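Here is a short briefing on one protein chain. Keep the sequence and the 3D view open as you read.

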Amino acid sequence: MASVQDISVSASINLLSALAFLLAFAFLRLQPFNDRVYFPKWYLKGIRASPRSSGPSVRKFVNLDFRTYLKFWNWMPAALRMPEPELIDHAGLDSAVYIRIYLLGLKIFVPIAILAFAVLVPVNWTGKTLDNIKDLTYSDIDKLSISNVPSGSKRFWAHIVMAYVFTFWTCYILYKEYKIVSTKRLHFLASVNRRPDQYSVLVRNVPPDPDESVSEHVEHFFCVNHPDHYLTHQIVYNANKLAKLVEEKKSLQNWYTYYQTRYERNPKNRPQTKTGFWGLWGKTVDAINYYADEIEKISEEEAAEREKVMSDPKAIMPAAFVSFKSRWGAAVCAQTQQTSNPTLWLTEWAPEPRDVYWDNLAIPFVELNVRRLLMAVALFFLTFFFMIPIAFVQSIASIDGIEKVLPFLKPLIEAKGIKSIIQGFLPGIALKIFLILLPTILMIMSKIEGFTSLSYLDRRSASKYHLFILVNVFFGSIITGAAFQQLHKFANQAPSEIPKTVGVAIPMKATFFITYIMVDGWAGIAAEILRLLPLVMFHLKNTFLVKTEQDREQAMDPGSINFSTSEPRIQLYFLLGLVYAPVTPILLPFIIVFFAFAFMVFRHQIINVYDQKYESGARFWPDVHRRVIIGLIISQVLLMGLLSTRDAPKATPLILVLPVLTIWFHRFCKGRFESAFVKFPLQDAMVKDTLERATEPNLNLRAYLQDAYIHPVFKGIEFERPPAIDEEENNPLVSTKRNSRKSSKTGSIASPDAGV
């Protein structure tokens, strides 16, 4: 059980860590040789020039203008200065709306914290119940929680009233933000520049036809069923093996460049390598000749595989990207059922080209349901069996736990300073380290499920991570923490008293979450802005791989917002704030500091660093809204359960109303706003099409779209495309090639008036 002193020590450690990261960042960002690490977005836009291009040689590496060091904090106001409309133009709607998640946290919790400290903290502090309970482990911080209020006290009315106030305020802010974001999305879609995905749909599960190829079948289907709007299409190839060969060749070329650079710098010593894994074992050979030969071999394999993919009918998947002459035509196709059989000719909005996850387009449609069922079962076992090691970490990340596992360290850890560090810092850092590999595992599971866009993969992985955090990090930490800390009392009391002890122990877990917030939300966010790993990797690449300015640009690693991991982490803070606001309000200032600090840091990163991999138009916001609602309902149910153990029988029916109202509110918001994130209004599509025809009457849309959805491994080569369709062939009354072929077999010629 962490005391006030332990929390103070943890706060000092994390504040000093955050300050050290910020000072290091402030110094490193001013050095010319780090300019591409801390401002890559401006280089990619072609706006910023390298400060190393001119001036004395020393100034190309070190900033000698000492006046700039006196203003090393100026990045903070600069991060807040750019207005949101300009931020959307600069970084995209996804980035701007992601920042609003932190702003949402501030809007919710700052007023709640003021009310909680004005009303609930005095009510809890003057309860003086914990002092009268023997054999119960608690700290001074717990005296600020609801645990310090005597059972059956009328003081619980304050918590009930505040629960209603917190719920109504949270719902009000959620409604306002949902309305703002949905409006911004519709405005963004209406004003954004022309993009291929506005005219295109992804068609899957194209049925086989004995008389036509997949390409011909797709062409004829849309010529018949969308005769006035179909423009062109691009079939999908299974080029996964070819893509792996291309990536392997790129890796070999990097090694070749590395050894070639080494040799140019030291011509006397010819570099050597071993032919085994990573050059660690095997026969020693000349490195330059070895990689040159390997590149030649894999180039031959690549050419053979490319020819195989383009000529083998089995490499063509029953899917295609179909483009239309107008946004209106694409919207109609994407948002309607194409045939009476709902499992065939499935259409959905095509992701933008850079958002496509090409590997999963090669998965047969019949496999998808099986894959998703298997991954659902795997997620269940991963989530619930992971609670075992979580419980183990919680048990040993304490003084008693360490003394039991490593008894010889008892004299050391009982020292006053060491004890405070262990109790105030170790539990949070242990849990954070334990969860490092989890996001990668969840993303692999999402990819196995077969989703076809990076944005959807991120959202699915985020939903899994949120479930995992909810079950293991939140409930797991509370349950296992309470059980291990109060084990002695549980074993020596009547069974009827156990629920009461659990009810008292739940708010006591706030001290653990305070340490976790400081480790993850304070020091962790400060480490994000330092970008230590991209800094080291850039200078390694710049030293050994870069020969041209183009190479140097490729060596930059701007990164992007990792929505699949960052958004569920934010939701943990929403959950903690909503759960503990009426129970242990002392947690709220730590959460507010996190939201404020993260808002500033990520705004700076979005402006200067991150280069988003895709733009989904903030399609993730309904998930954000739903998860905050889940956190709100959990807080209400837990408060109801807690009060039921404190002899407050009237509290249960009063608090039971809150989840009902919250669920109704969520359904109302879903019906009111969610369609803006799923469908594109036909009226808006028609307005944008009409404006485009008026301003660009000679636009060659076919030329604009014909290469948009070609697999990246085929970019830059001659590629077979469907022939142009003239206006007569688009007419549904004109016979298809299949009918013409069938008619010719019987010696007859299809009439121009023949039906399809």
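The points below cover a sheet, a helix beside the sheet, one histidine and some annotated spans. The model is predicted.

- Four strands form an open sheet in the order 2-5-1-6, and their pairing is antiparallel.
- Strand 2 (230-237) and strand 6 (346-349) stand at the edges. Each has a single partner strand, so one side of each has no neighbour in the sheet.
- From one strand to the next, the twist averages 25°.
- Strand 1 (residues 200-204) pairs with strand 5 (residues 316-324) in the antiparallel sense, over five bridges.
- Look for L202: its bridge partner in strand 5 is F321.

**The helix across the sheet**
- Helix 9 (residues 214-225) lies across strand 1, strand 2 and strand 5.
- Helix 9 runs at about 150° to strand 2.

**A histidine in helix 27**
- H625 sits in helix 27, which spans residues 621-644.
- H625 has a relative accessible area of 1%. The cut-off for buried is under 20%, so H625 counts as buried.
- Leaving out residues up to four places away in sequence, H625 touches L174, Y178, F665, H666 and C669.

**Annotated spans**
- An unreviewed UniProt entry annotates several stretches as "transmembrane region", including residues 12-30 and 572-602.
- Residues 12-30 are 89% helix and 0% strand, with end C-alpha atoms 27 Å apart.
- Residues 572-602 are 77% helix and 0% strand, and their end C-alpha atoms lie 18 Å apart.

Conventions. Residues numbered from 1 in each chain as written. Predicted model: local features only at pLDDT ≥ 70, side-chain atom pairs only at ≥ 80, totals over all residues. Heavy atoms only, no water. Helix = DSSP H or I, 4+ residues; strand = E, 2+ residues; numbered from the N terminus. Buried < 20%, exposed > 50% of the residue type's maximum accessible area, 1.4 Å probe, protein only. Contact = heavy atoms within 4.5 Å. Pairing = 2+ DSSP bridges. Axes fitted to C-alpha atoms, helices over the stretch in contact; angles between N-to-C directions. UniProt positions renumbered as here; feature names shortened; annotations may be inferred.
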